Amino acid sequence: MSKVVYEGWMVRYGRRKIGRSYIHMRYFVLEPRLLAYYKKKPQDYQVPIKTMLIDGNCRVEDRGLKTHHGHMVYVLSVYNKKEKHHRITMAAFNIQEALMWKEKIESVIDQHQESQVPNGQQYVSFEYKSGMDTGRTASSSDPESQFSAPEDEDNHRRSLIRRTTIGNGPPESVLDWTKEFDDQNSDDQAFSRKHWRLLQCQNGLRIFEELLEVDYLPRSCSKAMKAVGVVEATCEEVFELVMSMDGTRYEWDCSFQFGSLVEEVDGHTAVLYHRLLLDWFPMFVWPRDLCYVRYWRRNDDGSYVVLNRSKEHENCGPQPGCVRAHLESGGYTIAPLKPRNGRPRTQVQHLIQIDLKGWGAGYLPAFQQHCLLQMLNSVAGLREWFSQTDERGVPTRIPVMVNMASSSLSLSKSGKSLNQSAFSLDQTNSSNRNSVLLDEDSDDDDEFQIPDSEQEPETSKTERDVKRPEEEPAHDIDLSCFSGNLKRNENENGRNCWRTSDGNNFKVRDKTFHNDKRKIPAGKHLMDLVAVDWFKDSKRIDHVARRKGCAAQVAAEKGLFSMVVNVQVPGSTHYSMVFYFVTKELVPGSLLQRFVDGDDEFRNSRLKLIPIVPKGSWIVRQSVGSTPCLLGKAVDCNYIRGPTYLEIDIDIGSSTVANGVLGLVIGVITSLVVEMAFLVQANTPEELPERLIGAVRVSHIELSSAIVPNLEAE
């Protein structure tokens with residue numbers, strides 16, 4: 001077998017003939033002359049799904065960010081310019097991983113090219129020049145023009161030029177303010193960025209105002225201002241946060257109220273809607289909103305450029321109660337600096353040239369400047385956000401944007417305000433629940449995902465006001481005789497502990513679900529959670545219910561029935577978190593009794609988990625999600641039926657997707673609060689409404705608190 005240059009799990013991204021995108025987790029292997037991917041990590045001489053020969057004619061095309069069910073992935077396409085139809089498209093949820101693969105593949109291509117280049121030739125790498133720049137050579141979207149051979153007037157030596165592909169370049173309407181134009185070549189002197197005046201310093205930022213080289217400035221175009229600051233983070237981390245339009249933005253951008261994706265033009269260009277939250281006499285001044293096109297690129301030096309400019313769009317007309325501002329030019333430059341004391345540093349420049357419109361902007365200059373300073377202060381918000389965030393070692397997923405063009409814009413066309421929940425954070429999270437990665441063996445992008453029809457419809461009643469029908473009273477069980485090595489703590493701020501979660505935190509199918517797809521708060525549990533164990537060992541921990549003195553055996557002595565859920569976490573050290581649910585008896589003929597006494601096929605088709613992450617980073621919340629999951633179809637479940645108990649061993653490591661998510665969670669487990677509800681899915685009207693077996697809330701778990709169990713049977 002050839003030496004492996006690089007390998008690892010990546011996302012296989014593509015689009016079906018009907019136009020619907022799909023993603024699969026695949027294991028990619030890069031060798032000196034071959035790129036291949038597999039369904040699972042290859043062993044011995046496993047046959048790959050697809051291979052591509054890597055030589056000097058291969059290219060790596062940067063397709064930028066693509067959207068799949070609300071998630072953004074960074075897409076790369078590897079192809080041979082002589083066989084353009086033969087290509088491999090791969091993607092990653094974080095930019096660092098995608099750029100690492102891009103660098104490795106290009107290094108292999110360069111090695112093949114160097115072996116083909118005669119002595120005296122050299123490689124030159126340069127960044128794509130946009131259409132407004134002089135010296136543009138060819139469109140980066142043209143694969144034929146990836147290489148050209150210009151003449152050097154000094155020594156007439158031919159140079160091979162490999163260009164970094166960055167899409168089709170910025171739209172013609174977008175001003176690239178990062179380029180300093182010569183006075184002779186600039187069509188409009190008002191947009192020269194060569195001269196700035198330091199206006200003030202505040203919040204650790206330098207605020208500059210543009211010095212214009214014109215006699216007058218059109219009334220519709222205000223002076224440009226920019227803020228410059230230093231953030232202790234990598235360029236990729238800052239870029240991913242700047243690109244976010246979800247709830248995380250509230251934590252660093254004080255001028256952000258909400259935003260959404262209107263149209264995805266390509267991987268580098270999108271049209272966005274953005275409502276501003278301005279605090280200048282809000283009782284008298286109407287709120288402002290923007291519809292603008294955003295373009296981004298990554299330069300060869302590792303810096304990022306984000307360019308914004310207002311744009312009219314048929315699906316994003318003026319909104320009632322808002323004044324549509326005009327963004328003449330704006331965006332960010334995110335450039336790396338030398339690390340200091342071992343910490344990465346990035347210089348962030350945020351430029352805005354905006355006309356806020358309305359009577360306030362026309363007659364009160366203080367209004368315009370106050371609002372500009374408020375928006376520019378987002379650079380200070382970025383700096384503080386990173387300085388107060390501990391989860392820095394976790395690769396950041398590319399943020400999620402909500403599609404505005406579907407349901408929310410129908411409100412606009414009917415004359416209703418977009419503020420009526422179209423952009424509420426709850427709806428944002430609801431749309432994200434539909435996104436779930438596929439199992440590595442799946443060829444169907446809907447497998448292991450709860451159908452869209454199960455997402456609860458909009459209702460006018462408050463969810464808490466919905467009464468749960470036919471709710472049996474809970475059995476009174478003495479909990480004092482049960483114990484586990486993980487302590488119980490009812491304190492909201494408790495650490496390394498558990499407590500029973502409120503069933504109303506979870507939504508389940510109502511009695512009329514098959515008619516109206518309605519879901520309601522789950523209410524009381526069918527079984528009581530009496531103890532939780534937190535184990536570790538050098539091997540996987542199976543059949544924990546056989547352990548002497550465990551809660552399941554104590555329950556058997558008292559004539560109670562137990563369900564033991566053993567969540568197995570693989571790794572160099574294997575962990576198991578074990579939940580013990582007990583009840584006095586199983587109701588004959590009930591769905592729970594049929595599940596307990598049924599076969600494994602029936603159990604796998606019905607065992608459902610609903611996760612919630614009430615406290616944790618945005619990265620983990622998006623990775624875990626809150627979509628109900630049929631555990632038996634997503635991971636391997638082993639069922640052990642004892643005389644007085646049913647144990648379910650859930651092997652998280654059996655799924656690459658689940659294992660990848662687990663890798664994120666384990667790294668920051670001490671900062672997380674996770675809630676889990678287990679239930680048996682009801683499929684027929686006779687089985688409805690659904691009831692929870694039980695639910696648990698675990699808080700800030702310490703890996704060091706796990707103990708090695710003694711699993712000797714009685």
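Select R249, H274, Y292, N308 and H350: of the 22 residues that line the second largest cavity, these lie nearest its centre. A cavity here is a set of points on a 1 Å grid over the protein atoms alone where a 1.4 Å probe fits but cannot get out, and lining residues have an atom within 4 Å of a point. The model is predicted: local features need pLDDT of at least 70, side-chain atom pairs count only at pLDDT 80 or more, and totals for chains, interfaces and linings use all residues. Residues are numbered from 1 along each chain as its sequence is written, and side-chain values use heavy atoms, with hydrogens and water left out.

Stay with this cavity. Its volume is about 260 Å³, a volume being the space filled by probe spheres set on the points, which are joined across faces, edges and corners. The lining of the second largest cavity has twelve nonpolar, seven polar and three charged residues. Ala, Val, Leu, Ile, Met, Phe, Trp, Tyr, Cys and Pro count as nonpolar, Asp, Glu, Lys and Arg as charged, and the others, Gly among them, as polar.

Next, colour the strands β14 (269–276), β15 (288–298), β16 (304–310), β18 and β19; each supplies at least two residues of that lining. Strands are DSSP runs of E with at least two residues, helices are runs of H or I with at least four, and both are numbered from the N terminus.

Now select β19, residues 343–355. Buried means under 20% relative accessible area, with a 1.4 Å probe and protein chains only.

Two strands pair if DSSP finds at least two bridges between them.

- β18 (residues 326–340) is antiparallel to β19, with twelve bridges; T333 has Q349 as its bridge partner.
- β12 (residues 225–231) also runs antiparallel to β19, joined by seven bridges; M225 stands opposite I352.

Zoom in on the turn of the β18–β19 hairpin, where two residues separate the strands and N341 has a positive phi of about 55°.

Move on to V668, in the loop between α14 (656–667) and β30 (673–680). V668 counts as buried, at 7% relative accessibility.

Finally, zoom out to the whole protein chain. The chain has 14 helices and 31 strands, and 54% of its 714 residues count as buried.

Methods: 1 Å grid on protein atoms, 1.4 Å probe; cavity = no way out; pocket = protein on both sides within 12 Å on 5 of 7 lines; lining within 4 Å. Buried < 20%, exposed > 50% of the residue type's maximum accessible area, 1.4 Å probe, protein only.
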